[in-house]
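Subject: A structure for you to explore

Hello! I am passing on a structure for you to look through, and my notes follow below it. Please open it first and keep it beside you as you read.

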Amino acid sequence: MYNITQAQPTPGNTKWFQNDRFGLFIHWGTYALAARHEWVKNIEAIPDDIYDKYFKHFDPDLYNPDLWAKAASDAGMKYFVITTKHHEGFCLWNTDLTDYKATNTPYGKDVLTPMVNAFREQNMKVGFYHSLLDWHHPEYTLDECHALKNNPEYQEKAKNRDLNKYVDYLWGQTQELLTRFGKIDILWYDFSIGKSDRFAGKGKNEWRSEELIKFIRGLQPEIIINDRLEIDQDVKTPEQYQPREWVKVDGKPVVWEACQTFSGSWGYHRDEQTWKSVDMLVQMLIDTVSKGGNLLLNVGPTGRGEFDERALNCLSGMGKWMKNHGRSIYGCTQAPDVFKAPQDCRLTYNPDKNRLYIHMFSYPFGGFFMDGKEICDRIEYAQFLNDASEIRYSINGETVSFNIPVIKPNVTVPVIEVYLK
Ligand code: JFZ
């Protein structure tokens, strides 16, 4: 029907990914007990022996991943990405390669397997975030981002380390994660570090990224790999901002996913107050899809193993909108260039159904217009998506005038579904 913008082909299976559009990020580790950002060990330069108090008190007695998965599914999310290990080095599963793992805490159990099972029960795809950085491993060398880079004792302790031994560990844990939990749909490594005046960087050479990618694809041929091994793969990952247009590499549109927090922290942060409103979150999702991207929104569960009330309110608010408006997100992408969005609106388009969705970020009084020959020639029928109530319209010259009610429908973002000839 139309020549729509398409992402470059990818080695991994991104077909389902570009259809499903909306996922849950989960950042969970011993930093949840500090409850003041997942980088707390770095921000406060906490030595290992002091930071260990969080490991020694990790006991999420209220942990029930079925509740997490249901909350995500009800929010309209179709996949999830869990931090199997974040920069602190703490592992959520019963790895053979370190003692710094959930099974050795007072909780005493693997938390990853039940989580994967619970999200699969909700028919959600499974993604693993895995930190390339590791502020706990005995062979991980100091770098610009290391929590203890300025600690003289630690500098002495770390000076003869062999990074290759750490990278072997990284490969070994990658093999565990890709062979013990069934089909893994996304591997979200994080992140490569540029060199600084003081320290060498850590990137594709150090991780042995080219061989690692081959190794990964040998284990999980369809897997989606992100761009943080310092070699672009299946998806670009803009973080904590909304791109102004479809993300491109070398001038060509690519598969992309914006990752964002509800608040100012990825890990649970008790006192952080910059929580985004449901309006803002829904508009971020729509804006992302209108530019051909995915949105990965993050929850940081508490040290008791729960999504806190603020996170649950965000998820349920998004779910309320998605329940009636998912049709303008799933299977949708950037609209053909011949359609120009009305003021304060975003367009999405479903190429299989040939339907255009007009998302009204502000609600005009009286008249609502869309200009352009194409919309005038092609519009066949229009309705509010939330209740399928007809929106009558007239065409004058090259402008469609929609006859919308004075009162905005009681939804976060009203959407007009336009059936095209
Ligand atoms: C990284 C992590 O440090 C953070 O804790 C969280 O997990 C996020 C999803 O990913 O954040 C980054 C990574 C790279 C840069 C900035 C933040 N960078 O290269 O500027």
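**Around the ligand**

A polar side-chain atom of Tyr129 lies 3.4 Å from an oxygen atom of the ligand, a polar contact in the sense of a pair of N or O atoms within 3.5 Å (within protein, one must be able to donate a hydrogen and the other to accept it, and residues adjacent in sequence count only if both atoms are side-chain atoms). This is a predicted model, where local features need pLDDT of at least 70 and side-chain atom pairs count only at pLDDT 80 or more, while totals for chains, interfaces and linings use all residues. Residues are numbered from 1 along each chain as its sequence is written, and side-chain values use heavy atoms, with hydrogens and water left out.

Trp39 also places a polar side-chain atom 2.8 Å from a ligand oxygen, and for Glu239 the distance is 2.9 Å. On its own the ligand exposes 450 Å², of which the protein buries 69% (accessible areas by the Shrake-Rupley method with a 1.4 Å probe).

Which residues surround the ligand? They are Phe25, His27, Glu38, Trp39, His86, His87, Tyr129, Asp190, Phe191, Arg228, Glu239 and Trp266, where a residue is near if one of its heavy atoms lies within 4 Å. By class, this shell has five nonpolar, three polar and four charged residues (Ala, Val, Leu, Ile, Met, Phe, Trp, Tyr, Cys and Pro count as nonpolar, Asp, Glu, Lys and Arg as charged, and the others, Gly among them, as polar).

**The sheets**

The chain has 13 helices and 16 strands, taken as DSSP runs numbered from the N terminus (helices: H or I, at least four residues; strands: E, at least two). Two strands pair if DSSP finds at least two bridges between them.

Seven strands form an open sheet with parallel pairing, in the order 5-4-3-2-1-9-8. Strand 5 (224–225) and strand 8 (257–261) are its edges, each pairing on one side only. Within this sheet, strand 3 (residues 125–131) and strand 4 (residues 186–190) run parallel and are joined by five bridges. Look for Phe128, which stands opposite Leu187 in strand 4.

A three-strand open sheet pairs antiparallel, in the order 12-15-14. Strand 12 (368–371) and strand 14 (393–396) each have a single partner strand, so one side of each is left without a neighbour in the sheet. Strand 14 meets strand 15 (residues 399–402) over four antiparallel bridges, with Ser394 opposite Ser401.

Enjoy exploring!
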